[in-house]
Amino acid sequence: MKNININGFKRNGEWFKGNLHSHTTVSDGKLTPQESVNLYKENGYDFMCLSEHDIYTDFRGELNSEGFIILPGIECSSVLYDDENQRKKIHHLHGLLGTTEMQEKAKGKLFKHMEILEPLVWEGAKTAQDIANLMEAKGCISTYNHPLWSRVDQEDFIDTKGIFALEIYNHGTVLESNTGYDTTHWDTMLRKGNKVFAFASDDNHNEDFLPDSFGGWVMVKAESLEHDNIINALINGDYYSSSGPQIYDFGIKNGVVYVECSPVNHVNFMSGNAINGGFSYWGEPKEDSITRAEFELRGNETYIRIECVDKYGKIAWSNPIFIDDIKSK
């Protein structure tokens with residue numbers, strides 16, 4: 001393992017802050033698209049996706065401005081109802097408009113602004129895969145959203161191909177019903193060999209009773225604030241997710257995993273696949289005293305990912321480094 005050296009962030013670039021999951025008056029949010037963009041731009045964000053329920057929007061021409069861009073997208077759904085017509089399970093998958101090259105290679109027609117997509121009939125895992133396939137055919141990249149809130153079972157979605165990220169922190173559902181954390185399903189997917197990244201978001205609706213903005217975001221390392229560069233950085237994993245702390249650098253050097261971050265209370269090195277794999281590095285009790293942590297690989301890890309946790313329980317999540325891929329080279 002001593003010969004393993006890899007940078008967690010694969011390229012140089014600038015940092016750009018974004019919210020990949022949000023809603024406006026186009027679907028069930030309370031702010032107009034312009035009001036939502038103004039709010040996020042004023043609070044230090046560089047990009048966002050207005051991911052309306054089953055409605056594709058592309059507000060780039062209207063809402064892009066210096067220092068801020070829109071990622072066109074849609075949140076697609078499929079619902080399983082019980083005999084009393086209550087929602088029992090739901091698939092929510094994002095389609096984010098892909099790069100220019102992806103759009104040119106798309107097998108189907110691209111979405112049009114304000115196009116409505118009728119929800120697909122629920123057929124469990126098949127439907128999740130059908131949605132992901134449809135998004136690819138329309139030149140989009142896909143995510144799977146808030147599985148804990150959606151009440152899905154792992155067999156309903158964890159083997160879905162073509163999703164680049166799982167939503168592991170959803171600020172709105174954390175505040176609403178404490179159903180927005182989900183690294184358990186993520187690690188299940190990773191242990192099965194599914195190479196999927198993660199993301200944190202707001203899923204904000206901006207209702208008066210729920211302050212659901214600015215709680216979860218991604219920090220993307222890209223060459224510039226342009227659509228193709230942001231999308232390429234996302235699908236290559238050149239970003240981290242956060243509800244508070246910052247990750248400045250991480251990787252593996254001579255078989256030792258390291259992370260440099262803003263001051264936190266402890267750092268979790270999460271690994272697959274052996275029982276009791278990984279390691280938690282603790283600082284002073286109730287203090288944020290750690291800015292660097294290390295963990296020497298033991299040789300049985302299939303992947304490694306990092307969580308930086310501050311004294312308030314806020315977390316920054318790295319994407320995984322797939323060690324098995326490095327070993328096979």
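**Aromatic cluster.** I started with the rings and found that Phe9, Trp15, Tyr240 and Phe250 make up one aromatic cluster. This is a predicted model, so I kept local features to pLDDT of at least 70 and side-chain atom pairs to pLDDT 80 or more, while totals for chains, interfaces and linings use all residues. Numbering runs from 1 along each chain as its sequence is written, and side-chain values use heavy atoms, without hydrogens and water.

**Ring pairs.** Searching the whole structure gave me 15 aromatic pairs (Phe, Tyr or six-membered Trp rings with centres within 6.5 Å). I looked up phenylalanine 9 and tryptophan 15: their ring centres are 5.0 Å apart with planes at 85 degrees, so I noted the pair as edge-to-face (planes over 60 degrees apart). Phenylalanine 9 is buried at 5% relative accessible area (buried is under 20%, with a 1.4 Å probe and protein chains only). Tryptophan 15, at 31%, is partly exposed (between 20% and 50%).

**Charges over rings.** Lysine 17 lies over the face of tryptophan 217, 4.1 Å from the ring centre. Lysine 138 has its charged end over the ring of phenylalanine 111, at 4.7 Å from the centre.

**Asparagine 319.** Where does asparagine 319 sit? I found it in the loop between β20 (315-317) and α9 (323-327) (DSSP runs numbered from the N terminus: strands E, at least two residues; helices H or I, at least four). Asparagine 319 is buried, at 3%. Its side chain reaches the backbone oxygen of tyrosine 239 at 3.1 Å, and a polar atom of that side chain lies 3.2 Å from the backbone nitrogen of alanine 198.

Conventions. Polar contact = N/O pair within 3.5 Å; in protein donor to acceptor, adjacent residues only side chain to side chain. Phe/Tyr/Trp six-rings, centres within 6.5 Å; stacked < 30°, edge-to-face > 60°. Lys NZ or Arg CZ within 6 Å of the ring centre and 35° of its normal.
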